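Here are a few notes to read alongside the model, written for someone meeting it for the first time. Please keep the 3D view open as you go through the points.

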Amino acid sequence: MKVLLLSANTEKINMPVLPLGLACVAEAVRNAGHEVILVDLMDQQNVRTVLKDAVHGFQPEIIGISVRNIDDQCMEHPEFLLDPVKDIVGDCRSLSDAPIVLGGAGYSIFPESALAYLGADMGIQGEGEIAFNALLERLDWKADLSGIPGLYLPNKGIQGRVQFTKNLNECPLPSPGDQYWACLPSQNQEIWLPFQTRRVCPLNCSYCSTPTIEGKILRKHSPARVVDVMSRYAAAGINRFFFVDNTFNLPSSYAKELC
């Protein structure tokens, strides 16, 4: 299938963030034999024009939209961040008949209400690497969608229990040669590449959304794999990384081995 993936995040709080999660999903989808284009809307001046060019030029059979944040987490003057995403969904709807699927960390926190508010056709809570490929296969075969992990349908709720990959080494990491990083800023800008070596934090704090987004069982890439991928980025000229692990020093034995 022809898959168009859109990173809807345009917030530059602290620093512009590259769409790491969506790039991982894109790599998994490509590995499954689909044709994929990823469009990062972060620095686009005219989102409508960018969407029009992408949709008309690629003619996608399905459109996936990553929702990174619900709000800016500022208690004094909170800013709701879903309205720009709603506009993106509306633009996609006017440009294409392809089904629109939501995903991402922000969506996963409030999957049912976010799906209703944004008006998409469906959404996936949790990791998308396996669930999104399962959805593509069912849609391609025009098969029943029940049982797909974490899939929400409007007014029908969740279709299958959320599942998380047990072995994180089975999840692809995008490499510097992948087309998904065409969204990288120019070499004149300071590029900080997000990198995740493990998913989940085992502390289970009451205020934290991590268990909802990534599950409750810690999973890790092997340190050797992490170093191999980072080395390829460094060879390509990218040498500033920031780790987006929820708690880098847990477990401390893994952190020490990685360092």
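**Notes on charge pairs and the core**

1. Let us start with Arg199, which is buried, its relative accessible area being 8%. Please keep in mind that this is a predicted model. The partner of Arg199 in a salt bridge is Glu129, and their closest N and O atoms are 2.8 Å apart. Arg199 belongs to strand β9 (residues 198–199) and Glu129 to helix α6 (residues 128–140), so this pair ties together parts that lie 70 residues apart in sequence. Glu129 is buried too, at 5% relative accessibility, under the 20% cut-off for that word.

2. How many salt bridges does a search of the whole structure find? The search gives 8. In general, side chains of opposite charge can pair when their charged atoms come close.

3. Asp91 and Arg48 form a salt bridge with their closest N and O atoms 3.2 Å apart. Because Asp91 sits in helix α3 and Arg48 in helix α2, the pair ties together parts 43 residues apart in sequence. Arg48 is partly exposed, with 36% relative accessible area.

4. Glu27 is buried, at 9% relative accessible area, whereas Arg30 counts as partly exposed, at 32%.

5. Now for the nonpolar side chains. The largest nonpolar core has 29 residues, and those touching the most other members are Leu4, Leu6, Ile63, Ile65, Ile88, Cys92 and Leu102. Two or more residues come from each of β1 (2–7), α2 (47–58), β3 (62–66), α3 (82–95), β4 (100–103) and α5 (111–118). Helix α3 gives the most, with 6 residues. As background, nonpolar side chains tend to be buried together in soluble globular proteins.

6. Finally, the surface. Which residues gather in a patch of negative charge there? They are Glu35, Glu61, Glu137 and Asp140. Of these, Glu35 has its place in strand β2 (residues 35–40), and at 46% relative accessibility Glu35 counts as partly exposed.

Note on methods
Residues are numbered from 1 along each chain as its sequence is written. This is a predicted model: local features need pLDDT of at least 70, side-chain atom pairs count only at pLDDT 80 or more; totals for chains, interfaces and linings use all residues. Side-chain values use heavy atoms; hydrogens and water are left out. Patches are made of residues with over 30% relative accessible area and no salt bridge: like charges are joined within 9 Å, nonpolar side chains (Val, Leu, Ile, Met, Phe, Trp, Tyr) within 5 Å. Accessible areas come from the Shrake-Rupley method with a 1.4 Å probe; for residues, only the protein chains shown count as cover. A salt bridge is a side-chain nitrogen of Lys or Arg within 4 Å of a carboxyl oxygen of Asp or Glu. Lys and Arg count as positive and Asp and Glu as negative; His and the chain ends are not counted. The place of a charge is taken as NZ of Lys, CZ of Arg, CG of Asp or CD of Glu. Helices (H or I, at least four residues) and strands (E, at least two) are DSSP runs, numbered from the N terminus. Buried means under 20% relative accessible area, exposed over 50%, partly exposed in between (1.4 Å probe, protein chains only). A nonpolar core is a set of buried Ala, Val, Leu, Ile, Met, Phe, Trp, Tyr and Cys residues joined through side-chain atoms within 4.5 Å.
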